[in-house]
Amino acid sequence: MHDVVGGDGPQPIVLLHGFPETWYAYRTVMAALLPGHTVIAIDLPGLGDSSGSVLSYDKATLARYVHRLLE
């Protein structure tokens, strides 16, 4: 999965887009979130710059992918 990371603060903020958008939807707000945070904007599987396919696009499956990426 493609992700864009900014900042190096101790508190992470994870930004997840809706369909059919990408991480780029958050480009204008990311800078405002940086102070004290690490901001991570993700392209969910099959969208944006993420490649490959998943077995299912249900919420539980996508949540597992995001969880693995963040670990």
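Where is the place of Thr61? Thr61 sits in helix H2. The model described here is predicted.

## Helix H2

Helix H2 takes in residues 59-70. At 1.5 Å a residue, its 12 residues should span 16 Å.

Asp58 caps the N-terminal end of H2. One of its side-chain oxygens lies 3.2 Å from the backbone nitrogen of Ala60.

## The buried side

Thr61, Leu62 and Val66 are buried in H2. They cover an arc of only 135 degrees around the axis, which means that they lie on the same side of H2. The general rule is that an α-helix has 3.6 residues a turn, so residues three or four places apart point the same way.

What do the buried residues of H2 pack against? Their partners are strand S2 (11-16) and strand S3 (37-42).

## Thr61

Thr61 has a relative accessible area of 10%. Buried means under 20%, so Thr61 counts as buried. Its side chain also makes a polar contact, at 2.8 Å, with the side chain of Asp58. Asp58 is the residue that caps the N-terminal end of H2.

## Leu69

Leu69 is also part of helix H2. Is Leu69 buried or partly exposed? At 31% relative accessibility, Leu69 counts as partly exposed.

Leaving aside residues up to four places away in sequence, Leu69 touches Met1, Asp3 and Ile42. Leu69 and His2 are 67 residues apart along the chain. Their C-alpha atoms are separated by 9.5 Å.

Key: Residues numbered from 1 in each chain as written. Predicted model: local features only at pLDDT ≥ 70, side-chain atom pairs only at ≥ 80, totals over all residues. Heavy atoms only, no water. Helix = DSSP H or I, 4+ residues; strand = E, 2+ residues; numbered from the N terminus. Expected span 1.5 Å × (residues − 1). Buried < 20%, exposed > 50% of the residue type's maximum accessible area, 1.4 Å probe, protein only. Arc of directions from axis to C-beta. Contact = heavy atoms within 4.5 Å. Polar contact = N/O pair within 3.5 Å; in protein donor to acceptor, adjacent residues only side chain to side chain.
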